[in-house]
Amino acid sequence: MSLSRASIRSDGKMPKRRDRETTQENLLQAGLEVFSELGYDCATTKLIAQRAGSNEALISRYFQSKEGLLLAIIVRYINEKKDMQLTYPPRETLEEEFCSYLQTRVEQDIRFKDFIRIIVSRAATDPTLNDKIRHHVSYNPDLQLCERLKLLQKKDQLPTDADLHQICFVIGFQSFATVFMAHIIMGKDKDETLQCLQDFARVYARGLKQPLIH
């Protein structure tokens, strides 16, 4: 992307706002790396600043504290995950859609498994941080998956009265929980973890198509 003349000061330097955005981005990326490598307690603001090539004082200026930096990283991670585009084409059956969606999510979560471990451990042991996360992040269902389910509903793959938002929430929750328990805690490899989710997808899809009769 080229820069216009208006975006460059007369002394040839970038505007302060651009400098600040770059510094914040560098600190966020460095924080993600250091937290993932060392854990929250062992990660220091000095080390994070060194990794970012920045001044340690800027962490306090932009994020208030080490916890504030962690919170900013968590919020960005969750929001980027929600905004991730589905690259596979819509599937013809509910089971196929679930399996493809879960595979996409598993691959994403496994890439950030060390950071997920930190998110879960800190949120579980620090109620204040957990409250802040809930305040900054809305846990809405994946609207892309909801649109896919609407298409399948028109093909009689789902009952007309099915709660699509609730189904999306269950799928998203199951994906994250399985990666955490099967892959991170139990040490199952990616294929084993995905197999657990595919088994779930088959059973869940079958249950949605054939609801229990009371």
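1. Before anything else, a word on terms: a pocket here is an open set of grid points with protein on both sides within 12 Å along at least five of seven lines, and its lining residues have an atom within 4 Å of a point. Keep in mind as you read that this is a predicted model.

2. Let's start with the second largest pocket, which holds about 160 Å³ of space. Which helix gives the largest share of its lining? That is α4, with five residues. The elements that supply two or more lining residues are α1 (16-38), α4 and α5. If you want to find the spot on screen, look for L28, Q29, L32, I73, R76, Y77, E80, K81, Q108, R111 and F112, which line this pocket. By class, they split into five nonpolar, two polar and four charged residues.

3. Now for the largest pocket, with a volume of about 920 Å³. It has 29 lining residues, and I78, K81, Y139, G172 and F176 are the closest to its centre. Of the lining residues of the largest pocket, 17 are nonpolar, five polar and seven charged.

4. Who builds that largest pocket? At least two lining residues each come from α4 (66-83), α5 (94-111), α6, α7 (127-136), α8 (143-154) and α9. The largest share belongs to α9, which gives seven residues.

5. Two packed helices are described by the angle between their axes and the distance between the axes. For α6 (residues 113-125) and α9 (residues 164-185), the axes come within 11 Å and cross at roughly 105°. Angles of 65 to 115 degrees count as roughly perpendicular, so that is how α6 and α9 lie to each other.

6. Where do α6 and α9 touch? On the α6 side you'll find K113, I116, R117 and V120, and they meet F176, F180, H183 and I184 in α9. This contact has five nonpolar, one polar and two charged residues. F176, as it happens, is also one of the residues closest to the centre of the largest pocket.

7. The pairing of α9 with α10 (residues 190-209) has an angle of about 150°, with the axes 10 Å apart. Anything over 145 degrees counts as roughly antiparallel, so α9 and α10 get that label. Their crossing is right-handed.

8. Among the α9 residues in this contact are I167, V170 and H183, while the α10 side includes K190, F200 and L208. Overall the contact has ten nonpolar, five polar and one charged residue.

Methods:
Residues are numbered from 1 along each chain as its sequence is written. This is a predicted model: local features need pLDDT of at least 70, side-chain atom pairs count only at pLDDT 80 or more; totals for chains, interfaces and linings use all residues. Side-chain values use heavy atoms; hydrogens and water are left out. Axes are lines fitted to C-alpha atoms, for helices over the stretch in contact, and angles run from 0 to 180 degrees between N-to-C directions. Helices (H or I, at least four residues) and strands (E, at least two) are DSSP runs, numbered from the N terminus. Angles under 35 degrees count as roughly parallel, over 145 as roughly antiparallel, 65 to 115 as roughly perpendicular and the rest as oblique. Contact means heavy atoms within 4.5 Å. Ala, Val, Leu, Ile, Met, Phe, Trp, Tyr, Cys and Pro count as nonpolar, Asp, Glu, Lys and Arg as charged, and the others, Gly among them, as polar. On a 1 Å grid over the protein atoms alone, a cavity is a set of points where a 1.4 Å probe fits but cannot get out, and a pocket is an open set with protein on both sides within 12 Å along at least five of seven lines; lining residues have an atom within 4 Å of a point. Grid points are joined across faces, edges and corners, and a volume is the space filled by probe spheres set on the points. A crossing is left-handed if the near helix is turned anticlockwise from the far one by less than a right angle, and right-handed if clockwise.
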